[in-house]
Amino acid sequence: MNRKFLYLTKVSLRKKFKTKWFVITNIILAVAIILLLNINSIVSFFGGDFDNKTSIIVVDNDTDSYTLFEKNIESYASSLNDEDMKITVKKTDKTSKELKDDLKDDEILVELTSDNTEYLKAKVTSNEKIDTLTYQVISQSLNSTKTTIGMAINNIDATTLNNISSPVTIDRVVLNEDNNVDENMGLIMSSVFPTIILPFFMLTMILIQMVGGEICEEKTTRSMEIIISNVSPKQHLMSKILASNIFVIVQGLLLVVYTVIGLLISTNMLSSGMSLPSEVTSIFDSLVSSGFIEKLIYVIPLTLILIVLSFLAYSIVAGILASMTVNMEDFSQLQTPLVFISLGGYYLAMMAGMFNGSLLIRILSYVPFLSSFVSPSLYMMGEIGLIDIVISIVILVLFIYLILHFGIKVYKVGILNYSNEKVWSKFFKAFKSKDV
Amino acid sequence: MLKVKNIVKYYGNNKAVDNLSFEVKNGEIFGLLGENGAGKTTTFRIIMGLIESNSGEVLLDGKKIDYNLTDKIGFVTEERSLLTKLTVLEQLKFYGVLKGLDERTIEKDIDKWLERFEISSYKNRKIKELSKGNQQKIQFISAIINHPKLLILDEPFTGLDPINVKMMKDAIYELQKEGTSIIFSSHQMEYIEDFCEKLVILVKGHPVVSGALKQIKEDFGIKNIMLRGEDLPIDKIKTVKGVLGISKVRGEIEVKIEDKSVAPKIFSLIKNCNITKYDVVEPTLNEIFIAKVGGIHE
């Protein structure tokens, strides 16, 4: 490769990496990601009363169901695997009026009654609002107790009840193998996938800014004339693109490293007794059961190719746009459509889950700039197959060839143009010219 | 040697350079003059290979200028073309490597030049922290760090005080002695008169005056007679055929005459007056420039 091209790339990379801001930004990013992934442990570390001790006082008004209720409470509470949750149940002979007068904040009063229509009724009293999990334990235990009472009264054995109440077994068959996917994937896509592609969106923004900013700087300082008299415009543009792409890829990898470190710290904490929030584990469980993780492994190589090619396409266009501007303010304005296109891709990827089968979204999944956001998400939902992602890649490669072929003509004219007069006319002329 | 042969450049329907030809021999300093927008920058860009002319050709030592040959050209642009976030050392290395030098060679030369221009202490300072004059020195060093065969100087003395102008002039003369062909452009005509033996004046891209400075002044015809004395018959002088005008310049009377044949008539009128100065001088380049460029505008 040409020595001057490599040198231009090296200088451009040095300008990006060898700055205090790169170091400071990455320290902040690393700390933020690690903290976010360990937020549960950190909050616990700083102390506070996390022991969810609750005392349930039961007044049994002649239902004889206390023992059963107590067993159910203990059984449900233990099945939750929440070490912070400690529920004790005790029966009392005091009247509810006496109990209400002296009821403490961590006490819940449950009055069990029954009548001719309902085998079991309950009145639940507390000073404050009861947390969701504790309320669920009480509610489920009451329902189970009622069911057991009902079974005894109506002579229904456990097997019969199980046969009645167990959910219908659905044998789900999808004839098109490519679309063999869980129907819940749409919901997962709208909640999980945006989180996965957010770093890609952010890196795209950085890339556009970086390529355009550097070209604009060289242009406004007039050093462009000296540079271009020694290297061709094509080499100049390619050096900026290469340097900026290397930068965002390295930055992306660093984000992955920070995430892995965060997860490793989190795992170590888990093994020493702390736990991930139940919401996170339940999302992860549903991802595994829906086959999301398995599909992700298949789609990752193709997605990476799409991402790298999209980075290339975005940076080429950003470079060409920057060459057309005469100052930083003009470039900031001219890059806005590019930012919105990228944002559109991000939203389309999120909306794909809500509009299953949308022909428009499917067509847009082939469109360069959008395909890297939309294609993988449609594949994950089973709306398109791997072949469609390959088609998106081919279209993107062709698009890159075309923007390079025609764009370099505009770039060559643009970098030496310092006037806003008849700017579009100049570029259309350059676009149509045969000279490269 | 640089040869510019009949170059024509259009921007749309506008003819920016119209059939321009000149030669700059090795060790020669050539002046390229013209008002703003006359086509000087376009000419420089064509010579540097930044843009292509519609017709004509530019040859350096008999070869068409390409990216291999631009390594042998130094260019000081009218506006400062420095990357202000770089340090002096980084900037000089950057342009040096782009001109085909290796970093070690550049590092050796840098100290010598910085010392010569008395800016060694700024070596690791950022360009943006330097004064305009010092930035101009850096720009000049970056243009000559490759010991160019052709040096293009577009307003090289901008922002420099007389001491630094002299410093830079000495460096330019040194390069001239080494055989560098130099194209010099400035709106300050005294610099052109100082430096250039040959020049071309462009008006709307077209060369209206070209050749050796001495010959240009000779061909211009108009001369000036500088008079100092008492009781000078100004009114009589005005009536002499061939006198174009009389004005006061720094306490002296300047009589503009059509050609040198008018001078004896003026002398005969004043010879009996108490005169302390009578000098027939060549017109200044400034006068020629105004007459030629202004005349076309009129």
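Axes here are lines fitted to C-alpha atoms, for helices over the stretch in contact, and angles between them run from 0 to 180 degrees between N-to-C directions. The views below are all taken from a predicted model.

**View 1. Packing of helices α16(A) and α17(A) in chain A.** Helix α16 of chain A, which covers residues 371–380, packs with α17(A) at an angle of about 170°, and the two axes are 9 Å apart. Because angles over 145 degrees count as roughly antiparallel, α16(A) and α17(A) are described as roughly antiparallel to each other. From α16(A), the residues Ser371(A), Ser375(A) and Tyr379(A) meet Leu386(A), Asp388(A), Ile389(A), Ser392(A) and Leu396(A) of α17(A). Sorted by class, this contact of α16(A) with α17(A) holds four nonpolar, three polar and one charged residues.

**View 2. Crossing of helices α17(A) and α18(A) in chain A.** Helix α17 of chain A (residues 386–414) also has a partner in helix α18 of chain A (residues 423–432), where the axes come within 8 Å and cross at roughly 135°. That angle makes α17(A) oblique to α18(A), and the crossing of these two helices is right-handed. On the side of α17(A), the contact is made by Phe406(A), Lys409(A), Val410(A), Lys412(A), Val413(A) and Gly414(A), while α18(A) contributes Lys426(A), Phe427(A), Ala430(A) and Phe431(A). The residues of this contact divide into six nonpolar, one polar and three charged.

**View 3. Crossing of helices α2(B) and α4(B) in chain B.** In chain B, helix α2 (residues 88–98) and helix α4 (residues 132–144) have axes that come within 9 Å and cross at roughly 30°. Such an angle makes α2(B) roughly parallel to α4(B), and their crossing is right-handed. Val88(B), Gln91(B), Leu92(B) and Tyr95(B) in α2(B) meet Ile138(B), Ile141(B) and Ser142(B) in α4(B). By class, the residues of the contact of α2(B) with α4(B) comprise five nonpolar, two polar and no charged.

**View 4. Helix α5(B) and the glycine that follows.** Helix α5 of chain B, spanning residues 162–177, has 16 residues and reaches 22 Å from its first C-alpha to its last, which is close to the 22 Å expected at 1.5 Å a residue. After α5(B) comes Gly179(B), whose phi is positive, near 105°.

**View 5. The contact between chain A and chain B.** This contact takes 16 residues from chain A and 20 residues from chain B. On the side of chain A that touches chain B, α1 (3–17) and α9 (223–228) each supply at least two residues, and the largest share, five residues, comes from α9(A). By class, that side of chain A has seven nonpolar, five polar and four charged residues.

**View 6. The two domains of chain B.** Chain B is divided into domain 1, covering 2–217, and domain 2, covering 222–282. The centres of domain 1 of chain B and domain 2 of chain B, taken over C-alpha atoms, are separated by 41 Å.

Note on methods:
Residues are numbered from 1 along each chain as its sequence is written. Chains are lettered from A and ligands numbered from 1 in the order in which they are written. This is a predicted model: local features need pLDDT of at least 70, side-chain atom pairs count only at pLDDT 80 or more; totals for chains, interfaces and linings use all residues. Helices (H or I, at least four residues) and strands (E, at least two) are DSSP runs, numbered from the N terminus. Angles under 35 degrees count as roughly parallel, over 145 as roughly antiparallel, 65 to 115 as roughly perpendicular and the rest as oblique. A crossing is left-handed if the near helix is turned anticlockwise from the far one by less than a right angle, and right-handed if clockwise. Two residues are in contact if their C-beta atoms, placed from the backbone, lie within 7 Å. Ala, Val, Leu, Ile, Met, Phe, Trp, Tyr, Cys and Pro count as nonpolar, Asp, Glu, Lys and Arg as charged, and the others, Gly among them, as polar. The expected span of a helix is 1.5 Å times one less than its number of residues. Domain bounds come from an automatic or database domain assignment.
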